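Biologist: Could you take me through a close look at a single part of this model? I am new to this, so please go step by step.

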Amino acid sequence: MSKNAKGAGRLVRSLMALGLAAVHGCGTVKTTNTPRTGTEQLLLTNAWDSALQKIDFRPLTGVPVFLDTTNITAVDQGWVVSSLRQSMLTQGVLLRTKAEQAQWIVEARVGVYGTDEHNLLIGIPQTAVPPTLPGIPAGTIPEMPFIKKSNQQGMAKLALFAYDRASGQFVWSSGTILATSSAKDTYVGGVGPIQGGTIRGGTEFIGIKLPLTSEAGGDEAGRAGRQNSPSDPAALRQSASDLDSFMP
């Protein structure tokens, strides 16, 4: 092979290598979000479950009962009504599907079912620069937080009472029950979020469990907290002190 042929071969290989180097791989993943966040739904249903756990339905056992849910209006109405029926059944209440089949009527109502949010900023808030200052262009100075904290709270308030269907006589009341749940996010020097609250199984940083000394049983207890269903808010509340003791 002549020197010219070898030189041409080297040139072709160099051009091919240069072409391959200019090629960039690109991939995308399509993601979607539901209209309501999972955090909001957990806050509400956990608060409801916490309130429901405080009710003793045993005085209603042994008597056919019809549950009247006419006055229950909530965004998670299916969960609210179904969990109410389950709690009554597991405590031995004899539920009937029609009012005429029951001796007692239990009427349920929801007074509160919603969320609140509180925010704290230690640092410089976002500031708008007015156009009236000479020599300084109008615009916005971005937020510069040292510590930033948000606290979302779910609240549920419910009450039930029972009366005899035939006589209309009052026979039982649950009293008014109020319960809350929480989700907390903290940023320190722009780093975060450090997440915790009653809806989470301990304290986490970008999805990584933080091994806090206040957690009994270490990682095993944290995994158990995450695996508990929302119908067990007592176990979730047990880990709430983790975040409260850690976060500023």
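Modeller: Happy to! A word on terms to begin with: a helix here is a DSSP run of H or I with at least four residues, and helices are numbered from the N terminus. Keep in mind that this is a predicted model.

Let us go to helix 3, which covers residues 77-90 and holds Ser83. Is Ser83 buried or exposed? Its relative accessibility is 12%, and buried means under 20%, so Ser83 counts as buried. Now look at what surrounds this residue. Setting aside residues up to four places away in sequence, Ser83 touches Trp48, Asp49 and Leu52. Take Leu52 from that list: Ser83 and Leu52 are 31 residues apart along the chain, and their C-alpha atoms are separated by 8.3 Å.

Helix 3 also contains Ser87. With a relative accessibility of 13%, Ser87 counts as buried. Which residues does Ser87 contact, leaving aside its neighbours within four places in sequence? They are Leu52 and Phe57. Notice how Leu52 turns up again: Ser83 touches Leu52, and Ser87 is in contact with Leu52 too.

For a contrast, move to strand 6, residues 144-164, where you will find Lys148. Lys148 has a relative accessible area of 34%, so this residue is partly exposed, whereas Ser83 is buried. The C-alpha atoms of Lys148 and Pro193 are separated by 9.3 Å, and the two residues are 45 residues apart along the chain.

Methods
Residues numbered from 1 in each chain as written. Predicted model: local features only at pLDDT ≥ 70, side-chain atom pairs only at ≥ 80, totals over all residues. Heavy atoms only, no water. Helix = DSSP H or I, 4+ residues; strand = E, 2+ residues; numbered from the N terminus. Buried < 20%, exposed > 50% of the residue type's maximum accessible area, 1.4 Å probe, protein only. Contact = heavy atoms within 4.5 Å.
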